[in-house]
Amino acid sequence: MVTIKDIANKAQVSSATVSRVLNNDMTLQVAEETRQRIIEVAKQLDYKKTKSRANKNLEAEAEKKQNIGLVIWGSEQLESSDPYFMFIRQGIGKECAKQGITVDKVMFMDDFDMNIAEELDGLIVIGKVHIDLLRRSTQIPHIVSIDYVLDDEYDSVMFDLRKATRHAMDHLFQLGHERIGYIGGISYIRTLEGKVYNIDVRQKEYEAIMREKGWFEPAHLFVDDWRTEQGYLLMKQALELDDRPTAFLIGSDPMAIAALKALQESDIKVPDEIAIVSFDDIPLASFVSPPLTTVRVLTEDMGVTAVKLLVDRFNGRDVPLHVTIPTKLIIRESCGTKIES
């Protein structure tokens, strides 16, 4: 007998989605292409609804949605001001809709509830949250982290910040820059004791690379909060230097865009006098003047991958996986080299 699960496997959707489509659930938000694909697969497999108790149980089981929660490292204000987190959540939302999963709770660490509802089937943690804090808060077995490795026991989705930083710095070296500054934010991990501050990977790698070259200058390092306006204020400070850098590596596109404003106000030409390379490749990065050279981080794909890992866990996978999403340096005019057509 053909089951809903058979149709789901062939149509590459969740069993819950198949059940709701075949039962004409008009509240289901699904692409028409997907709806038609499910119906066509059902016809191909000669699926027939029956009134048997076994089939009813199968359909009832399929219609049970899995509920997950999101734990977000920063505040709601930080998320709304930083597209990095927003695009991760978009990816999670899209894949959850595809998989028939409900995001039941969204929790920000600034007002984190230490008693996460245990009826959740899984948890996705975005950002640096220590595993002991989560273990104290919940017994949910299926947890996937994004942008941080919780523990070898749990799945994670990352991108290689060290490698990405080296690509960005190498590009500036190839353009002949030796006096390179850094603008970025302070990193921290959420723990049981509170915030534990540490040096961000981008900053660490920048310092290591410049020391290797013998070019590191502490006065060229500008670090504060990860806020857009800090990019503006830190660049203003940098411009007061007598031996100011000829190029800057900036930790995020929003900070870089704010830094561009500071440079424009001071009549500093980019890239003729100061070159800029940043991180993220948010949509606005290609529209500012000049367009930003930036490391493209596939943030939406990180969210999609986290949901897929969680679904694999629901389906019985026991071996933890640590997935690294690739990055790419997108070369635009802010460093003096136009993108190749």
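Which residues does Glu205 touch, not counting residues up to four places away in sequence? In this predicted model, the partners are Arg162, Thr165 and Arg166, where a contact means heavy atoms within 4.5 Å. Glu205 sits in helix H9 (residues 201-213); helices (H or I, at least four residues) and strands (E, at least two) are DSSP runs, numbered from the N terminus. With a relative accessibility of 4%, Glu205 counts as buried, a label that means under 20% relative accessible area, with exposed over 50% and partly exposed in between (1.4 Å probe, protein chains only).

A word on how to read the values: residues are numbered from 1 along each chain as its sequence is written, and side-chain values use heavy atoms, with hydrogens and water left out. Because the model is predicted, local features need pLDDT of at least 70 and side-chain atom pairs count only at pLDDT 80 or more, while totals for chains, interfaces and linings use all residues.

Turning to the chain as a whole, the protein contains 12 helices and 14 strands. Of its 341 residues, 51% are buried. Among contacts with a separation of 6 or more, 69% join residues 24 or more positions apart.

Helix H2 (residues 15-22) is largely enclosed by the rest of the structure, because seven of its eight residues are buried. The buried set in H2 consists of Ala16, Thr17, Val18, Ser19, Arg20, Val21 and Leu22. After H2 comes Asn24, with a positive phi near 55°.

The whole structure has zero disulfides, a disulfide being a pair of cysteine sulfur atoms within 2.5 Å.

A cavity is a set of points on a 1 Å grid over the protein atoms alone where a 1.4 Å probe fits but cannot get out, and lining residues have an atom within 4 Å of a point. The largest cavity has a volume of about 240 Å³; volume here is the space filled by probe spheres set on the points, which are joined across faces, edges and corners. Its lining has 17 residues, with Tyr84, Phe85, Asp147, Arg202 and Trp226 nearest the centre. Helix H6 (83-99) and strand E7 (187-191) are the elements that each give two or more residues to this lining.

The second largest cavity holds about 50 Å³ of space, and Trp226 is one of the residues that line it, together with others including Ser81, Asp82 and Met255.

Terms used:
On a 1 Å grid over the protein atoms alone, a cavity is a set of points where a 1.4 Å probe fits but cannot get out, and a pocket is an open set with protein on both sides within 12 Å along at least five of seven lines; lining residues have an atom within 4 Å of a point.
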